[in-house]
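Please keep the sequence and the coordinates open while reading.

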Amino acid sequence: MSTATDMLVSRKYAKRSGLAEIWYRLKTNKGAIAGFTIIVIILLITLYSILFIDFEEVTAMNAANRLQPPSLEHPFGTDDMGRDLFLRTLYGSRYSLLIGVGGVSISLIIGLILGSVAGYFGGLVDDLIMRFSDILASVPVFLMGMVIVTVLGQSLQNLIIAVGVTAIPEFTRITRSSVLVVRNQEFVEAANAIGMSNLAIIFTQVVPNGLSPIIVTVTSRIGAAIIEAAALSFLGFGIPVPHPEWGLLVSEGRNYIRTAPNLTYFPGLFIMITVFAFNILGDGLRDALDPKLKK
Amino acid sequence: MGSEINDRTVQDNKELVLEVEDLIVHYVLQEETVEAVNGVSFSLERGKTIGLVGETGAGKTTTALAIMNLVPDPPGVIKNGTITVCGHKMLDLSANQLEKIRGKDVSMIFQDPMTSLNPVLTVGDQIAESVMLHENLSYSKAFKRAQEMLEMVGIPGTRATEYPHQFSGGMKQRVGIAIALACNPKLLLADEPTTALDVTIQAQVLDMIDDLKRELGTALVMITHDLGIVAKTCDLVAVMYAGRIVEYGTLEDVFDRTMHPYTEGLFNSLPDISNRKSQLQPIPGLMPDPTNLPRGCAFAPRCRYATAACREEQPSRREVSETHTVYCSAYDDPNFQIERTRGRGGNG
Amino acid sequence: MAKALFQVRNLKKYFKTSRGVVHAVDDISFDIEEGKTLGIVGESGCGKSTTGRCLIRLIEPTSGQVFYRDQDICQLSRAEMKKLRKEMQIIFQDPYASLNPRKSVLQIIAEPLLYNKIMPGADKFAIEKRVLELMDKVGLAERLINTYPHELDGGRRQRIGIARALAMEPKFIVCDEPVSALDVSIQAQILNLLKELQRELSLTYVFITHDLSVVNHFSDDIIVMYLGQIVEKAPADELFENPLHPYTQALLSAILVPAVGANRDRIKLRGELTSPIDPPPVCRFAKRCNYYNQDCAAGVPPLLEITPGHFVACHRIKPGSNTLVEAN
């Protein structure tokens, strides 16, 4: 036996791995598939824009082409500086995705650490972390975002930070509550009995089991972050002009909302579809991630 | 099909409180069907107690829910059968009619007293609620009855104004029993009523159920996995396995003249308190998957007496005596005996 | 007499709650001999599980000593304790909650091996081979290696829990109600497995349960606990043949024997267990005791050796008397 083990026995009985199983169940969820498809399309658009659309192309002004209605040449029309809105919108997708993913990563990482420490150790540590998070949560989101951008200066990076910081309390709270549920389970005690350190227990036993609500929050938070960033840009606290961020596009178009509504409609539509896609994907994931639903 | 049992008891002109005939209940899920109860028949006279014995997945609780017509639908589907409680065909009644019967003619004690009480109502109100509904009493009269009921289960009537969380586990179960008995039902279903309780409290609660049953003449269906509880409380025993009754008879029939190999296996799995060195003889293997029951006798894969015939077809019904029935094909051989019967001198 | 593997002295564990201090384990002392099984019996809230967890320091005792091979494990540092952990393991009551639902059988059983570097330098083939050995030892089929706990029934899950404990090659295992969540026929399978393993690996067990018929079958010595204290301690045969403490007598008589007519005359206890919050310094069983008289208010009764090897904590039993004082 010891010489003949050129194959792991476990491979002989291989089944779908955890990830494959989740993917399999996700596939049977219509909403999740729709969301997933839309997100893939947006990713492809972003890829296309990165490869084939120059920054010059979407920022160069052309007064002769001002405020054209949608046409074959300019599917979304042109803006008040004669720039093609279609190209600008496509180009803008990268900002939204970057802000959504980047912002949520920041809040996720910090929230995950704070929440699991608070939930696992309890007591004073818990109190301190949760009061800090309460204070953070008590500041209105946009006020917080504006303050951060004002202090740090207007840039893409700072917008991501602003969007990320505002969501930290949400992630802290969700992580903490799922850790609390898991912490008192016997298998955590069992891990203790085999001599695992607290840190190892948190990251191999507790967090994986508390992960599904967190992953669901991640997807829906990405949508929310995109909206927040768009709103901050709309208010003039986002990425500086002339970067064609979607919120900024809506903001620029609002002066012409009566004469050229296409300037606000199309970027607005893109924001809406993207956020919607992330939300329904989040709902689908919630069902797919529950190992006990599997039959 | 066990309808013969009923025919006979009807002829005896006893007052039948419960008749279950050829009950089949399945849970139809998206990908599979759980065959929970597959043709169960039994009946119960006034004042008698029947024990439904079996392990997890034997279909005991589903049978009880069906008697109340409370099988969750979906996914539960009652495929076949009639259930008669005090003359009412439970499965044909409308929701309104059922409401009048549940709590009045038949009521149920649940396994977990912690979750079966409403945490935001006082225990007195919870008992009174049922009384007001069924007996058209005013609140004050109903509340008075609630206090009497509490006294009857050994709780001071003054505690009727307290909430469930102010009671201990055993007390909560007593409250559950008080609610179940408030309208003096003719039939009481008790689903593992003492499993969640401590041993000494279990003894108190069982004694109390016994006394009340005798006093009020209530018929009782005792659902349990514990043969000790059966020995203490039951007149009749139905041993269930994979949704069927495999052995049915009086307490003495099943305990002292055991016929079915599964019943024997259950007894052999229990530690013998009088001989601590005795070896446990567990039943090998596992309960069959209720979504994929074997074609023949469901117990055959675990049965040490099983023959090829057992695996092929459903066991035949065999009446051993007027009161004792067994479903086992091994008895087709007239010389067949299980070991327990072979080796016994008297009580073990 | 062989030197005891464990010597527990004046073990206490108090929990502070908003309603007062819960005396979960209150000043108990006992020994566990190597290769034997000590049964700890009692009803919910008697402190039996807390005691078991204190023994292997899954819970830090409030005070007292737990000597394991003459070494007080309560004084050990984390690192020293980690080394000792390999020798002492625990099997849990609930086979549903005690296994991580996100890990496969292979991962669960391999975890202690990997984490404690029990097989230094072993590759995944060697680890897997060891896991298969352990699975075989506890009666789990090879094909289950990649299944997840929720796909298995209670008995098999409990087998996984046992294999995980055995992976550490322990000398001592706390069995905390290992069969009370299982069906009767499966219960017997697991009890037989535990017995076999004990013989084969010369394990020492502490067997915690509320089920007296199981503890009787399984243990060499038995401790009966009530509200955090030991009320009686004796060899199993002696305890069952000659129970002295009124509580033990009531417990024994509450066993429902599965035989016709066997459950007639039983001792009935009044009242219910309470939680031991700030208990007064009297016999904790006094309120429910059928033998209660004025003597019983004279402090907490000490655990005295009534006959050789048979200890009882009751004001109404005097050493050498061997019977309970008549009820009044």
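Two strands are taken to pair if DSSP finds at least two bridges between them. The model discussed here is predicted.

**Strand pairing in chain C**

- Strand 1 (residues 4–17) of chain C runs antiparallel to strand 2 (residues 20–33) of chain C, and 11 bridges join the two.
- Strand 1 of chain C and strand 2 of chain C form a hairpin, with two residues between them, and C:Gln7 stands opposite C:Asp31 in strand 2 of chain C.

**Helix 3 against helix 5 in chain C**

- Helix 3 (residues 105–115) of chain C packs against helix 5 (residues 154–167) of chain C at an angle of about 25 degrees, with their axes 7 Å apart; the two helices are therefore roughly parallel to each other.
- The crossing of helix 3 of chain C and helix 5 of chain C is right-handed.
- Helix 3 of chain C makes this contact through C:Val105, C:Ile108, C:Ile109, C:Pro112 and C:Leu113, while helix 5 of chain C contributes C:Ile160, C:Ala163, C:Arg164 and C:Ala167.
- By class, the residues of the contact of helix 3 of chain C with helix 5 of chain C divide into eight nonpolar, no polar and one charged.

**Helix 5 against helix 6 in chain C**

- Helix 5 of chain C and helix 6 of chain C pack at an angle of about 20 degrees, with their axes 10 Å apart, which makes them roughly parallel.
- Helix 5 of chain C passes helix 6 of chain C in a right-handed crossing.
- From helix 5 of chain C, C:Gly154, C:Gly155, C:Gln158 and C:Ile162 meet C:Ile186, C:Gln189, C:Ile190 and C:Leu193 of helix 6 of chain C, and this contact has four nonpolar, four polar and no charged residues.

**Contact of chain C with chain B**

- The contact takes 34 residues from chain C and 36 residues from chain B.
- On the side of chain C that touches chain B, the elements that give two or more residues are helix 6 (184–201), helix 7 (212–218) and helix 9 (246–254) of chain C, and helix 6 of chain C gives the most, with seven residues.
- The residues on that side of chain C divide into 17 nonpolar, 11 polar and six charged.

Key
Residues are numbered from 1 along each chain as its sequence is written. Chains are lettered from A and ligands numbered from 1 in the order in which they are written. This is a predicted model: local features need pLDDT of at least 70, side-chain atom pairs count only at pLDDT 80 or more; totals for chains, interfaces and linings use all residues. Two residues are in contact if their C-beta atoms, placed from the backbone, lie within 7 Å. Helices (H or I, at least four residues) and strands (E, at least two) are DSSP runs, numbered from the N terminus. Ala, Val, Leu, Ile, Met, Phe, Trp, Tyr, Cys and Pro count as nonpolar, Asp, Glu, Lys and Arg as charged, and the others, Gly among them, as polar. Axes are lines fitted to C-alpha atoms, for helices over the stretch in contact, and angles run from 0 to 180 degrees between N-to-C directions. Angles under 35 degrees count as roughly parallel, over 145 as roughly antiparallel, 65 to 115 as roughly perpendicular and the rest as oblique. A crossing is left-handed if the near helix is turned anticlockwise from the far one by less than a right angle, and right-handed if clockwise.
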